[in-house]
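Here is a briefing on one protein model. Read it alongside the sequence and the 3D view.

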Amino acid sequence: MEFLKYVKLLIIFMFCMSLGLSAEDNLDRLWAQWSNPNLPDTTRLEAFESYIKEGFLYTQPEKAVELIKLEYDFASKKGLERYMGGALKAQGVTQYLLGNYKSSIDFYNQALVIFNKLKLPEHIASCLNALGISYFVSGDSNAAIDYHSQSLVISEKLGDKKMMATSLNNLGITYQRKADYPKAIDYFTRSAAINEKLELYKASGSSLTNLGVIYATLGDYSKALDYHYRGLSIYENNSGLSINDKQNYKYMISGSLNYIGVIYTHQGNYAKAIEYFTRSLVLSEEIKHKHNISKTLSLIGDIYVQQENYEDALGYFFRSLRLAEEMGRNDGIANALNSIGTVYQKQVDTISESGNTKLIAAKYASIIDFLERSLTINEEIGNKSRIVDNIINLGSVHNRLGDSITAMKYFKRSLSIAEEITYIIGVTKSTNNIGAVYKTRGDSALAKGEISFASTQYKKAIDTIQHALRLAQELGEVTEVKKASKYLFELYKIKEQYMQALAMYELYIATKSDINNKQNQREVIRQSYKYEYEKKAIADSIRSDERQKLQATLLRESKTWQQYLMLILGLLILFIVIIYNRFLVTNKQKLIIAEQNRKLAIAAEVAKAANKSKSDFLASMSHDIRTPMNAIIGMTYLAMKTDLDSKQMGYIKKTSISAQNLLGLVNDILDFSKIEANKLEMESIDFDLDTVIRDVLDLISFQASDKNINVSLNIDSNIPSLLIGDPLRLRQVLINLLNNAVKFSYKRGSIVLTVQLDSQVDEKLVLVFTVKDNGIGISAEQKKKLFTPFTQADDSITRQYGGTGLGLSISQKIVRLMGGEIEVKSKEGVGSTFRFTASLNLQEDNQFQKEPLTEQDEATDIDDSEQGEVTDIDDSEQDEVTDIDDSKGLRNAKILLVEDNQMNREMLDEILTMSGIKVVTANNGQEALDVLSKEHIDGIIMDCQMPVMNGYEATRRIREQEDFKALPIIALTGNAMESERQKVIAIGMNDIITKPIQFDTLFATLAKWISPDQTNT
C-alpha cells in the first residue's frame, strides 16, 4: 500500500513537471480562466473557486474574504444561485478560521437556504457539518450533534463515504466532550475504517488521534501513545501537494505533538513533554493557528507549575487566556482560568510563610473567582472531565482555608462524576484528596486531645489513600504516587507503624528522585556532550604540546629572524584568545540581558492583563449602577412635578439627595481609577467664578439646612470674575470640602467659605480657597492618613458618616493638577480649616464684570482673625422644582428612544414628551431597525447594552444604509469611562449621554445634533 502511494505521488509529480506547472503557475492559470470573458460564466466561477481554495482560503483568510465577495457579486449579477451558495459557505469558512464563530454560523445558514432551495444534498450535508463544527467551538454540543447527525443521514443516503467519515469523526469529537466515551470510540473507529479504505490520510490520522485522546483520559497511556504515534506518522508521511494541504497537515501534526506531550507530562517525563510542546508551538506559530498556540502555551505552563516556576507559568497561562478570549473559544478560556487559579493556589503557600493575612485572603478570593468562572463555562459546554478538574481544585482551596466539610463535598462530587465517565485520573486525584481531608481532620482532633476521633479519621485516611496509591501506580501517574506516598508516610508515623512508614518514605524519595531525574535529562545529556568536548580538547592539547616541543627544537637551531617570526605569531595567538574570551563574556551578558527582558515582558503582560481586568470591572460596575440610578433620579424628578403634600415632597427630596450621594461615590471611584492610570485631564476654558461658587453653595444648602448649619461666604472684591481654567474640577473640590464640612459639623454650627487673591502676574492669578467649620475636628494622628486613598480619619467615621475615603485623595490630585497644594489645620472638638491654592488665567475682557458676591474693604485671613461681614446663603427658594427647559428648538422633533429597561424607557418617554418632543420607543436594536423601515425619524437615543441586538451592532447596520448616513444617533450608556466615548464615536454614533442623565445635558446634546423636520409639525 505504501509503495503504491509513493508511485502515485511520483506520477503526479512527473506529470506536473512535463506540463511545466508549479503551484504558482497553476494559480496564474486559474486566474487567467476567471479573467477571460469569452469563457462560460460557470467555467469562470469554478476556476475562481479553485483559485480561492488552493491559494488563499486557509493560508490567507483575510485576503480570501475580499476575493469571495467578488465571487458572490459576480454570481449574484448572473443569477447563478449554486455559486452564490458556494461563496456564502466559503465566507463561513473564512470567518471560522478568523475566530468569528457567530458570523460563520450566519453565513453557513444563508448558504443552507440556497442549497435547500436548489435541492443539492451533497452541498447540504457539507454545510450541516460545517455548522456543527462552529456550534461545537462556540460551546453548544447539543446543536453540534444535531447538525452532524443530519449530515450523516444525508451522506449515507447518497453513499458519500468521505462525507460519512467526516460526520462520524465530528460526532465522535462531540460525544468525547460530553464524556460519552463508548459512543465516541464507536464513531472514531468507524470513521478511521472508512478513511483508511479511501486512503484519506489526513482524516484517518484525525480519527486515530482522537482515539488516543480518549484512551489517555481512561488512563491507558500505552494504547493512547500507540494511536497518537500512528496518527503522527500518517501526517508526517503524507504532507500533500497543495499549499492548503501542507497548511492543514502542519495543524494536524501540531495537535498530535501536543497530545503526546500531555501523556509524557502525566508520566513525569517533563523533558520529553517540553520537546514535543516546543515542536508543536513552532508549527502553530508558523501557520498562525491561534487556538493551537493558546492550547500549547497552557500545556507548557502546566510543566512550569510542576517545576514550581510559578511566575513563568502565569505568563504562559495569561497569554493563552488572551488568545482564547480573542477567538471566543470558551473551552480555551475555561482551561486558562482553571490553570491561573491553580497557580495562585500554589503561590499562597509561599505567602503564608510571611503571615500577610490580607494578601492571603485576597489571593484566595482570586483563586475561587477564577475556578468558579472556569467551572461555569465547562458546565455550559458540558465538558465533564474539565468539570472534575475544576471541582477538585475548588475542594483543595476550601481544605486549605480549613473548611473540611465543604472540601469533602467538592471531592465526593468530583469522584462521583469521574467514576460516571470513567475518568481514571480524576478518580485517582479525588480519592487522594478525600484521604487528605480525613488526615486533616485527624490532625485537628489530635491537637484538641480527641484521641478516639483522631484514630478513626486516620484509619479512613489510610484506607482511602492506599486505594489512590494503587490507582496512581497502575496509571503511572507519578505526581499522585508522590503525593499519596507522602501522606501515608506521615500517617504511619503518627500511628507508630514505623516499618510501613519507612516503606512509604522510600517510595516517596524514589518517586521524587525519578521525577527530578526526568526533569534533568536534558542537563545530563548536555553535560555528557560537554565531557566529550573537554576530553577531545585535552587530547588536542597533548598533541599541541608535542608540536610545540618540536618547534622549540627547530627554533633553537634556526636563525634569529625565525625567532622573531615565532614571537609575532605567539602574540597574534594571544590577541585572538583575548578577543575570543571577550566575545564569550559579551555573549554571556547578552544572554543574561535577554533572559531578564523575557521575564520583564512576561511581567508586563501579566500586569497588562490585570489592569484590563480592573478596567473591565470598573466599566461594568459603572454601567450596572448607573442604569438603575438613572431610573431612580428620573422618576423622583417626575414625582416632584406632581401634586404632593409637604411630607411626601420631603420624602422624595431625600430620596433624590441619597441617589445623588450614591452617584458621587461611583464618580469618586472612577475618578480615582483615571488618576491611577494618569488619564485625568484638566480643561482650560472660559468660566465665571461667581457662577461656580453660587452653584456650589446652592448644592450644599439643602444638607446644611437639615442640620441648621449657617453657611457664609467671604470673597475678595479684587478677584476678577471672568477666568480661564477647569470649572468642573474646581467645583468638584469645593463641593467635596464643603460636603465634608457639613457632614462633620454639629447641628446649628457654622461654615465659612473664603476666596482670596494671593498673587497676580500679568494674566496669571493664584487664588486661595479656604473652608472653615467648627465641627468635630481631626487629631494629629488622624491627619497623617487623611489624604490616603480608601482611608478615613477613623474606622468609626466610615460607620457613622459613610463615604469611600476617596474624596480628599482625589481633591489633592486635582489641586496639584491646577498648580496648587492643599493643607489642613484642625483641633479635635474645635473644628477644621482646609485651604488650597489654584493657578488660573484672566480672560481678555473683564471690564463688564458682575457685582461681587460680597462687598468688603479688605479680605481677612480666616485662620488668624475673626471674619468681617459675611453673607448668609438664602435657601428659602430651594423647595421649587425647576421646569425642563424646552426652548432649545426641539419641539415637534420625532425621536426614536431605544432602551431595554422598562423604567428608564417610561421615564425618558415622559420627560421628552413633556418638552413637546414626539417619542417612538423600541426595546432593542432589532426593533429600532424595524421602526426606521416604517417611520421618518429626526434622531435616535440609543442604549448600548441590550438583548437580541445591542446598540453598537444596531448603529453599524443603520450606518450601512445610505438613507441613514447622516441620521443623528446619541449613545445612552451607564459606562462613564473615556474609552466608552471613543468606542461609540468610532462605531458611528454622534455623541454620548451617560446615566444617570442630567436633563440640561440631555437637551443640550439633543439640540446640538437634531433639527426637527417640518413635516412632523
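Which residue is the bridge partner of Leu723 in β7? Leu842 of β7 is the bridge partner of Leu723. This is a predicted model, in which local features need pLDDT of at least 70, side-chain atom pairs count only at pLDDT 80 or more, and totals for chains, interfaces and linings use all residues. Residues are numbered from 1 along each chain as its sequence is written, and side-chain values use heavy atoms, with hydrogens and water left out.

**Overall make-up**

- The protein chain holds 37 helices and 13 strands. Both are DSSP runs numbered from the N terminus: helices are H or I with at least four residues, strands are E with at least two.
- Of the 1017 residues in the protein chain, 46% are buried. Buried means under 20% relative accessible area, exposed means over 50%, and partly exposed lies in between (1.4 Å probe, protein chains only).
- Take the contacts in the protein chain with a separation of 6 or more: 66% of them join residues 24 or more positions apart. A contact means heavy atoms within 4.5 Å.
- The protein chain exposes about 52200 Å², and carbon and sulfur atoms supply 53% of that area. Accessible areas come from the Shrake-Rupley method with a 1.4 Å probe; for residues, only the protein chains shown count as cover.

**Strand β7 and its partners**

- Strand β7 covers residues 831-842. Nine of its twelve residues are buried, so β7 is largely enclosed by the rest of the structure.
- Strand β5 (residues 764-773) runs antiparallel to β7, and ten bridges join them. Two strands pair if DSSP finds at least two bridges between them.
- Within β7, Arg835 stands opposite Thr770.
- Strand β6 (residues 822-827) is also antiparallel to β7, joined by six bridges. Ser826 has Ser832 of β7 as its bridge partner.
- The hairpin of β6 and β7 has three residues between the strands. Gly829 in this hairpin takes a positive phi near 80°.
- Strand β3 (residues 722-725) pairs with β7 over two bridges, in the antiparallel sense.

**Helix α7**

- Helix α7 (residues 121-137) has 17 residues. From its first C-alpha to its last it reaches 25 Å, close to the 24 Å expected at 1.5 Å a residue. The expected span is 1.5 Å times one less than the number of residues.
- Twelve of the 17 residues of α7 are buried, so the helix is largely enclosed by the rest of the structure.
- The buried residues of α7 include Ile124, Cys127, Leu128, Asn129, Tyr135 and Phe136.
- Gly139 follows α7 and has a positive phi, near 100°.

**Salt bridges**

- Side chains of opposite charge can pair when their charged atoms come close.
- A salt bridge is a side-chain nitrogen of Lys or Arg within 4 Å of a carboxyl oxygen of Asp or Glu. The count comes to 20 salt bridges.
- Arg190 and Asp186 form a salt bridge, with their closest N and O atoms 3.6 Å apart. They are four residues apart in helix α10 (residues 181-198), so about one helical turn separates them. Arg190 is partly exposed at 35% relative accessibility, and Asp186 is partly exposed at 37%.
- Asp443 and Lys439 meet in a salt bridge of 2.9 Å, N to O. Both are in helix α21 (residues 424-447), four residues apart, so the separation is about one helical turn. Asp443 is partly exposed at 30% relative accessible area, whereas Lys439 is buried at 11%.
- Asp463 forms a salt bridge with Lys459, the closest N and O atoms lying 3.2 Å apart. Helix α22 (residues 451-475) holds both, four residues apart, about one turn of the helix. Asp463 is partly exposed at 40% relative accessible area, while Lys459 is exposed at 51%.
- A network of salt bridges links Glu953, Arg956, Arg957 and Glu960.

**Nonpolar surface patch**

- Leu569, Leu572, Ile573, Phe575, Ile576, Val577 and Ile579 form a nonpolar patch on the surface. Together they have about 650 Å² of accessible area.
- Patches are made of residues with over 30% relative accessible area and no salt bridge; like charges are joined within 9 Å, nonpolar side chains (Val, Leu, Ile, Met, Phe, Trp, Tyr) within 5 Å.
- Ile576 is found in helix α26 (residues 560-640).
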